[in-house]
Amino acid sequence: MKDLFYAIQDLFVNVLFSPLDAMRALELDNWWLANLISWVFIIIAIVAMLYWMKQLKIFNDNNEEDKSVSSHSFL
């Protein structure tokens with residue numbers, strides 16, 4: 001059982017996180033390249049938010065939402 005956990009540790013430390021280790025070493029030379037993954041995630045989040053806002057505007061323009069002001073029926 002102990003070997004299984006060591007194998008998982010070896011997989012993550014030596015294989016899956018090696019690109020991140022390379023980026024950490026790159027940070028002293030070029031900050032922008034070292035933070036490339038963060039910038040990609042930020043760009044994806046901005047594009048997703050813009051798409052979401054566009055879809056909300058489409059539904060708002062079609063007047064598909066019930067905007068009547070009322071409480072829940074149990075109140």
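Which residue takes a positive phi just after helix 4? The residue is N63, with a phi of about 55 degrees. Helices here are DSSP runs of H or I of at least four residues, numbered from the N terminus.

The model is predicted, so local features need pLDDT of at least 70 and side-chain atom pairs count only at pLDDT 80 or more, while totals for chains, interfaces and linings use all residues. Residues are numbered from 1 along each chain as its sequence is written, and side-chain values use heavy atoms, with hydrogens and water left out.

Two packed helices are described by the angle between their axes and the distance between the axes. Helix 1 covers residues 2-16 and helix 2 covers residues 18-26; their axes come within 5 Å and cross at roughly 45 degrees. Axes are lines fitted to C-alpha atoms, for helices over the stretch in contact, with angles running from 0 to 180 degrees between N-to-C directions. Helix 1 and helix 2 are therefore oblique to each other (under 35 degrees counts as roughly parallel, over 145 as roughly antiparallel, 65 to 115 as roughly perpendicular and the rest as oblique). On the helix 1 side, V13, N14, V15 and L16 make the contact, and on the helix 2 side S18, P19 and D21 do; contact means heavy atoms within 4.5 Å. These residues divide into four nonpolar, two polar and one charged (Ala, Val, Leu, Ile, Met, Phe, Trp, Tyr, Cys and Pro count as nonpolar, Asp, Glu, Lys and Arg as charged, and the others, Gly among them, as polar).

Helix 1 also holds L11. With a relative accessibility of 40%, L11 is partly exposed (buried means under 20% relative accessible area, exposed over 50%, partly exposed in between, with a 1.4 Å probe and protein chains only). From L11 to I46 the separation is 35 residues in sequence and 32 Å in space, C-alpha to C-alpha.

The whole structure contains four aromatic pairs. Rings of Phe, Tyr and Trp (its six-membered ring) pair if their centres lie within 6.5 Å; planes under 30 degrees apart count as stacked, over 60 as edge-to-face and the rest as tilted. W31 and W32 pair edge-to-face, at 5.0 Å centre to centre and 85 degrees between the planes. W31 is partly exposed at 43%, and W32 is exposed at 55%. Together with W39, W31 and W32 form one aromatic cluster.

Helix 4 runs over residues 36-61. Its 26 residues should span 38 Å, in agreement with end C-alpha atoms 38 Å apart; the expected span is 1.5 Å times one less than the number of residues. L36 belongs to helix 4 and is partly exposed at 42%. L36 and M23 are 13 residues apart in sequence and 8.7 Å apart in space, C-alpha to C-alpha.

The segment after helix 4 includes D66, which is exposed at 64%. D66 lies 51 residues from V15 in sequence and 52 Å from V15 in space, C-alpha to C-alpha.

Technical notes. Helices (H or I, at least four residues) and strands (E, at least two) are DSSP runs, numbered from the N terminus.
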